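Me: Please take me through this structure, one question at a time. Keep it brisk.

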Amino acid sequence: MKTLQRSWLLITLFLLSSYSNYLQEISSITCVPDPVTGSFKNATEIIQVLDSMVYMGIPGVSIGIQSSDGYWEHSSGFAKLEDQIPMEPCHLIYLQSIAKLYLATATLKLKEQGKLELDAPIGTYLPTRITRYIDKSEKITVRMLLNHTSGIPEYNDAPAYIAYLLQHPDHVFSPEDYLKYIDGRSLSFDPGSKYSYRNTNYLILALLVDVITGDHAAYMRQEIFEPLNLRNTLYRAKPDYLNDGRLINSYWDRHSDGIIENVSQMQRTNVASLIGDDGIVATPEDAIKFLNALMNEQIINKGSLAEMMDWQLNSDGTPAYGLGLDYTLFPGENIGFGHSGGGLGGGSELYYFPEKDLYYCIGINLGIITEGPLNDQILPLVEKLHKTILK
Amino acid sequence: MVRIILITLLVLFWSISAKSQELEIGDYNKLPLVVTIQFHSLALPFSDLGLSNFGIGLGTEVNWNKDHTLVQKFGISWLGNQSVGNRLILSSQFSWRPRLIDNFFTELKFGAGYLRANRPTDSFKLINGAWEPIGRKGKGMLAIPIGVSLGYENFSENHLFAPFVSYDFLLASGYSRSIPLVPETLLQIGSRIHFK
């Protein structure tokens, strides 16, 4: 039995030596925001709602509002719980799917410059090494990618993708890695026949803009970020562009039991891998500057903006989505144009309310793509926040 | 990785070469100790295979028939997986174990078990509006394991050890509201040890 005892001893030693203190947290710095020059009429009530959201389970929240009273911002909770670093408006929040609005804007800019036709088949621009993953790509136009009517399947609901992402949280996916998850899958519906939101559309759109411009991210920086002086908006300027101390830590209720864990490394790696459908981090102020410029025809012209607002309809006949622009009916029948975003470790909203001439951006560092009791508790508060803003 | 392979080879070598003193035939299959080293992954079947996420398992089994071809297995495993959290699995599987040639056997098995999935990092719980650290507290789930094995056993020469390799696929329920089922896989290398 001595050999058996020795082998167990070896195994135990191995297990002890291979065990490491795995950490997901990233360093978030304490940042000091510039003094706010503007105000907002319902600021006190909004602060109360934000504090309630934190009390009910959001680690940290940051908001910015641009109204006739100027720009006002506020944060509540923590950018990093472990070190008790307060969330501040100068922290960078994950815009998540709001990135689609930026890419759509860049695409319309290309159309204005005569470098792209919205109704051309995507194969006009994309090489076969990309189109070979897409069923009936010859029937799909650039516009169908922009307004989610292509029928191309979603890559991120593939069980193989979800399993691999969870097991390999530090894996950097290439765009082609994502496309492999739709390889061999048929279109969900005839191209152009209906609207169905898919992240894959914007992944492919980013690759298409890459072909035309050489680098879609560089083009977005050149045509959008730099002219608008968006110095607190980061998107793929360098491979480690998310290694910025102002970036918030991210938390996720993995098992839908109200217990959260730090998933910052996974969130950051995931977001840095995503192109077109995600990938931008910014301050709420910078996000609002962008939407304000877009709505005031400072980036694209009136005709392009009108195309952006050519709404696809929900199944109930209500407007849903234009070209990268979401149409949402908020409390009080207030129409909002903009986009929302959700990820494993963050959530965000960026909207313009034309009837109030008001812009609003919010970012939280709790994952909202999976359901859980925390999200259940927070949803009514988000609705209350909308009502308070639009009062 | 080199360490894993070396230890695996060492255990297999000892398993195959070590022999006990003579055993009574009737004693051979009475509650053997089953010892395994295991490699865990949160993955679909036969994807993402690799010798990582090391774990160990202990178990035993009882025969349903005299031919030792129908077996009920009981086991407990601890699996280290720093990406998705360590696992503790308690399970029982019914096994059909037909003989192949030259004392080699194959096995098809299925059953049910309890899977305790820890979190990979320290976690927090909201208590009166403040987040309190609670360690890596995990979640218990029902698991349905199915698997296949290939092994060697020698009744006639009264070998003490019966080495085998096994591949199990587990479907764990209740991971979260949005992900009700998660696939997990186990590559197991081990041996039954038939004490006298």
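Reply: Two strands pair if DSSP finds at least two bridges between them. Helices (H or I, at least four residues) and strands (E, at least two) are DSSP runs, numbered from the N terminus. This is a predicted model, where local features need pLDDT of at least 70, side-chain atom pairs count only at pLDDT 80 or more, and totals for chains, interfaces and linings use all residues. Residues are numbered from 1 along each chain as its sequence is written, chains are lettered from A and ligands numbered from 1 in the order in which they are written, and side-chain values use heavy atoms, with hydrogens and water left out.

Me: How many bridges join β1(B) to strand β2 (residues 54-63) of chain B?
Reply: The two strands run antiparallel. One bridge pair is B:Thr36 with B:Gly57 in β2(B). The number of bridges joining β1(B) to β2(B) is six.

Me: In which order do the eight strands of chain B close into a barrel?
Reply: The pairing is antiparallel. The order is β1-β2-β3-β4-β5-β8-β9-β10.

Me: Which residue in β4(B) stands opposite B:Ser77?
Reply: Strand β3 (residues 70-79) and strand β4 (residues 87-96) of chain B pair in the antiparallel sense, over ten bridges. Opposite B:Ser77 stands B:Ile89.

Me: Which residue in β10(B) stands opposite B:Gln38?
Reply: β1(B) and β10(B) run antiparallel, joined by nine bridges. Eight of the nine residues of β1 (residues 33-41) of chain B are buried (under 20% relative accessible area; exposed is over 50%, partly exposed in between; 1.4 Å probe, protein chains only), so the strand is largely enclosed by the rest of the structure. The residue opposite B:Gln38 is B:Gln188.

Me: How far apart in space are B:Thr185 and B:Ala43, C-alpha to C-alpha?
Reply: B:Thr185 lies in strand β10 of chain B and is buried, with a relative accessible area of 4%. Its contacts (heavy atoms within 4.5 Å), leaving aside neighbours within four places in sequence, include B:Phe39, B:Ala43 and B:Tyr167. B:Thr185 and B:Ala43 are 142 residues apart in sequence, yet their C-alpha separation is 6.2 Å.

Me: Which side chain does B:His194 join in a polar contact of 3.2 Å?
Reply: B:His194 is found in the segment after β10 (181-193) of chain B. B:His194 is buried, at 1% relative accessibility. A polar contact is a pair of N or O atoms within 3.5 Å; within protein, one must be able to donate a hydrogen and the other to accept it, and residues adjacent in sequence count only if both atoms are side-chain atoms. The partner of B:His194 is B:Arg192.
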